[in-house]
Amino acid sequence: MLIVGNWKAYVETLEKAKRLYAVAKRLAAAGHHEIVIAPSAPHLGFLAGGNRSSVEFAAQDISSSLGGAATGEVTAGAVAGVGATYVIVGHSERRAAGETDALVLQKVQHALAHGLVPILCIGERERDAEARYLAHLRTQISLILTALSPQERKKIVVAYEPIWAIGKSATEAITPTDLNEMVLYIRKILTEFLPGKGASKINILYGGSVESGNIRALAAASSIDGFLVGHASTDAASFGALVKAVT
Ligand code: PGA
C-alpha cells in the first residue's frame, strides 16, 4: 500500500516535523508499506535534503508557473531539487482557494516534466440523489488525462477525496461498500485512457478522515491501492497506529 501523510498546515514547528519524520522512518524501515510524507515547503526542504531512509517526500502543492519572475511561488523544479518524488495536485483545499482545472493540468504537466509523480486529487462536494457527482468525477479525470500522452498517463496517482468526508472523523468517512464502488468506477474511467492493463497499474488512493479506526475496513473492502491521510498523519501515535492497522 502507498500511504501518504498530508501534513497540511497542521505542523508548524520544525521540532514536530522532525518527530513525525522519525516515526515515518521507523514505519518505512519496518516494511510497513510505502510511506510518503508531505510537509510544508520549508520543512520539506529541511527534511528531504538529508533523507537517507526509504521514506519518500511529496510537496503539498507546486506552482503553475515555470519559475522566473513569480514571487512567492514554489516550482516543480525547486521541490524536485530538494528530493521530493511526489506532489499533491488539485487538493480540494487548493481548489477552494481558486485553483481551476486548467491550473491543475499545468501543475500536473510541470510535475511530470520534472520527474515528480503527481497525486491528482478529485472528489465531489456532495452526493446528490441524481448522481451528478459521478459525472463531475469523470470530468475532473478526463480534463487532465486527455491532455497527457499515453506514457504520461501511466505516471500519475489518483486520490479520490470526497470533500464531504475531509477533516471529520472515521465514523463520517466513506463506507467500505461505497468506496469499493467508487474505486471500480474510477478504474473504469481510467481504462478509457489506458487500454490493456494500463489502468490496473495506476494507484488509486482514498482520502477523507482515514484513521486507525477505519483504515482496515476500507482497505479490506475495496481494491484501493493506498490512502491519503490528513489530520491523522500529524500525530505520531495516530499515524503509527493507522499504518500498523493495515499491516
Ligand atoms: P483528512 O484529510 O484525513 O484530515 O480528512 C485528508 C486530505 O484532505 O488529504
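Modeller: Let's start with helices. Both α2 (41-49) and α4 (92-95) supply at least two residues each to the lining of the largest pocket. Helices here are DSSP runs of H or I with at least four residues, strands are runs of E with at least two, and numbering goes from the N terminus.

Colleague: Where do these numbers come from?

Modeller: This is a predicted model, where local features need pLDDT of at least 70, side-chain atom pairs count only at pLDDT 80 or more, and totals for chains, interfaces and linings use all residues. Residues are numbered from 1 along each chain as its sequence is written, and side-chain values use heavy atoms, with hydrogens and water left out.

Colleague: And what is a pocket?

Modeller: Take a 1 Å grid over the protein atoms alone. A pocket is an open set of points with protein on both sides within 12 Å along at least five of seven lines. A cavity is a set where a 1.4 Å probe fits but cannot get out. Lining residues have an atom within 4 Å of a point.

Colleague: How much space lies in the largest pocket?

Modeller: About 380 Å³. Its lining has 20 residues, and A59, Q60, D61, I62 and R94 lie nearest the centre. By class, 9 are nonpolar, 6 polar and 5 charged. Asp, Glu, Lys and Arg count as charged; Ala, Val, Leu, Ile, Met, Phe, Trp, Tyr, Cys and Pro as nonpolar; the others, Gly among them, as polar.

Colleague: What about the second largest pocket?

Modeller: The second largest pocket has a volume of about 240 Å³. It is lined by 17 residues, with G123, E124, R125, H136 and I163 closest to its centre. That lining splits into 5 nonpolar, 5 polar and 7 charged residues.

Colleague: Which helix gives the most to that lining?

Modeller: α6 does, with 4 residues. α4, β5 (117-122) and α6 (132-145) each supply at least two.

Colleague: New topic. What takes up the largest cavity?

Modeller: The ligand does. About 100 Å³ of space lies in this cavity. Its lining has 14 residues, and K8, I166, G208, S209 and G230 lie nearest the centre.

Colleague: Which atoms lie by the ligand's oxygen atoms?

Modeller: A polar side-chain atom of K8 is 2.7 Å from a ligand oxygen. A side-chain N or O atom of E161 also lies 2.7 Å from an oxygen atom of the ligand. For S209, a backbone N or O atom is 2.8 Å from a ligand oxygen.

Colleague: How much of the ligand does the protein cover?

Modeller: 100% of the 280 Å² of accessible area that the ligand has on its own. Those areas come from the Shrake-Rupley method with a 1.4 Å probe.

How values were computed:
A polar contact is a pair of N or O atoms within 3.5 Å; within protein, one must be able to donate a hydrogen and the other to accept it, and residues adjacent in sequence count only if both atoms are side-chain atoms. A molecule sits in a cavity or pocket if more than half of its atoms lie within 2 Å of its grid points. Grid points are joined across faces, edges and corners, and a volume is the space filled by probe spheres set on the points.
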